[in-house]
Amino acid sequence: MEDHTKHYLISGRVQGVGFRMFVHRQATQLKLKGWVRNLNDGRVEAVAQGPLELMKKFEDLIKTGPARAIVETLQVKEKVKGPALAEFAVRGDGDQPCTDES
């Protein structure tokens with residue numbers, strides 16, 4: 001099964017509500033690889049890599065988020081196949097969204 005890599009930008013009430021840990025937990029349970037972090041503009045950014053079927057489940061889960069979150073928009077961009085990512089991690093906050101898969 002071929003792995004797909006997707007870049008996510010999530011906006012709404014997604015910081016201060018456990019959203020990153022929720023994303024990390026869901027990705028880990030689905031055995032996806034990648035990372036998640038807060039952006040200084042209030043959004044959450046993530047990159048995930050795995051089989052397409054599992055990526056669809058992951059997207060469905062993060063459209064809702066944890067109980068206190070309100071996801072207003074979920075932007076998804078399929079990435080050109082890049083290098084294999086490591087296990088799913090929570091990264092430090094960032095100023096701008098990444099433009100590559102890593």
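**The sheet and the rings**

Modeller: In this predicted model, five strands form an open sheet in the order β4-β1-β3-β2-β5, with mixed pairing. Strands are DSSP runs of E of at least two residues, helices are runs of H or I of at least four, and both are numbered from the N terminus. Two strands pair if DSSP finds at least two bridges between them.

Colleague: Which strands stand at the edges?

Modeller: β4 (70-79) and β5 (89-90) do; each has a single partner strand, so one side of each is left without a neighbour in the sheet.

Colleague: In which sense do β2 and β5 pair?

Modeller: Strands of a sheet pair through backbone hydrogen bonds, either parallel or antiparallel. Here β2 (residues 33-38) and β5 pair in the parallel sense over two bridges, and tryptophan 35 has alanine 89 in β5 as its bridge partner.

Colleague: How is a pair of aromatic rings described?

Modeller: The distance of the centres and the angle of the planes describe it. Rings of Phe, Tyr and Trp (its six-membered ring) pair if their centres lie within 6.5 Å; planes under 30 degrees apart are stacked, over 60 edge-to-face, the rest tilted. The structure holds three aromatic pairs. In phenylalanine 19 and phenylalanine 22, the centres are 6.3 Å apart and the planes at 45°, so this pair is tilted.

Colleague: Is phenylalanine 19 buried or exposed?

Modeller: Phenylalanine 19 is buried, at 1% relative accessible area (buried is under 20%, exposed over 50%, partly exposed in between, with a 1.4 Å probe and protein chains only).

Technical notes. Residues are numbered from 1 along each chain as its sequence is written. This is a predicted model: local features need pLDDT of at least 70, side-chain atom pairs count only at pLDDT 80 or more; totals for chains, interfaces and linings use all residues. Side-chain values use heavy atoms; hydrogens and water are left out.
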